[in-house]
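Welcome to this structure. Here are a few numbered notes to keep beside you as you look around.

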Amino acid sequence: MTLRKLIYWFFSTLILGCVTAIILGFLFEQAAGEVLFGSLTSQLLLGLTLAAVAELGFFAYLVFNWLAKGLLRKKTVYDTVMLLLILILIGNLLYLNFAKYQGEEFWLHLLVPTIIVLSAILIAGLKQKWTNQSAYIPTLFFVIAATTIEAIPSINPKEGEVPLLIMMHTVLVLLVCNAWQILQLHRWVQPSSAEKEKKGKSAKSKKAGTKNARKPKKKK
């Protein structure tokens, strides 16, 4: 990844988080009929914070994925471990909601894990379509794991209970940022057409140089 693409990744994710937070904040406040997220400045700061958290989670996933692929060389073993971790995360998410919201509220709060899982399946399907079949399970793991861990302060706060709309707002903004990052990753890490052309020309010149060096010199 070049410096230009790195800067584009950083600022595009921040802008996307801000725009998504403002749009969802407006829609949720209209639905609730009350102010939930404060002024426009507060919503901008909230969007920036959630986008920055999503970027840190994405960077942590890249490091984790690199280490996991180094330790688990076989694709089947790697996929099995990822699926087990996904099940553990979903079970933990269900337990947190059950422990905090029992009765009717529990079934209402099941919307959060349902949205995360369904969004992860959709995003993983798009990633597989745009790249290759082996990208499905890693993408599924990233969206579920990153979104769940990043949203823990809203899902399981230390003090009091967070209203469902605020929890949904946090989860949806994180989902949008995580989806953007993972779906664009293969475009950011692959060299551009100009870079490919430069590499091709340099490779051809090197081959021509080696061929000329191998040619025997004619004796006078």
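Predicted model: local features only at pLDDT ≥ 70, side-chain atom pairs only at ≥ 80, totals over all residues.

1. Let's begin with Leu111, which is partly exposed because its relative accessible area is 40%. For these labels, buried means under 20% relative accessible area, exposed over 50%, and partly exposed in between, with a 1.4 Å probe and protein chains only. Leu111 is found in helix 5.

2. Residues are numbered from 1 along each chain as its sequence is written, and side-chain values use heavy atoms, leaving out hydrogens and water.

3. Now the overall plan. The protein has nine helices and zero strands, where helices (H or I, at least four residues) and strands (E, at least two) are DSSP runs numbered from the N terminus. Buried residues make up 37% of its 220 residues. Of the contacts with a separation of 6 or more, 74% join residues 24 or more positions apart; contact means heavy atoms within 4.5 Å.

4. Helix 2 deserves a look. Its 32 residues should span 46 Å at 1.5 Å a residue, and the end C-alpha atoms are 46 Å apart, which agrees; the expected span is 1.5 Å times one less than the number of residues. Among its buried residues are Gly47, Leu50, Ala54, Phe58 and Tyr61, and the cover over the buried residues of helix 2 includes helix 1, helix 3, helix 6 and helix 8. Thr41, also in helix 2, counts as exposed because its relative accessibility is 52%.

5. Helix 3 (residues 75-100) tells a similar story. Its 26 residues should span 38 Å at 1.5 Å a residue, and its end C-alpha atoms are 38 Å apart, in agreement. Buried residues here include Tyr78, Met82, Ile86, Leu89, Leu93 and Leu96. An α-helix has 3.6 residues a turn, so residues three or four places apart point the same way.

6. How do helix 5 and helix 6 cross? The axes of helix 5 (residues 111-130) and helix 6 (residues 136-150) come within 8 Å and cross at roughly 145°; axes are lines fitted to C-alpha atoms, for helices over the stretch in contact, with angles from 0 to 180 degrees between N-to-C directions. The contact involves residues including Ile116, Ala120 and Ala124 of helix 5 and Leu140, Val143 and Thr147 of helix 6.

7. Which residues does Ile182 touch? Not counting residues up to four places away in sequence, Ile182 touches Phe58, Tyr61, Ile123, Lys127, Thr139 and Phe142.
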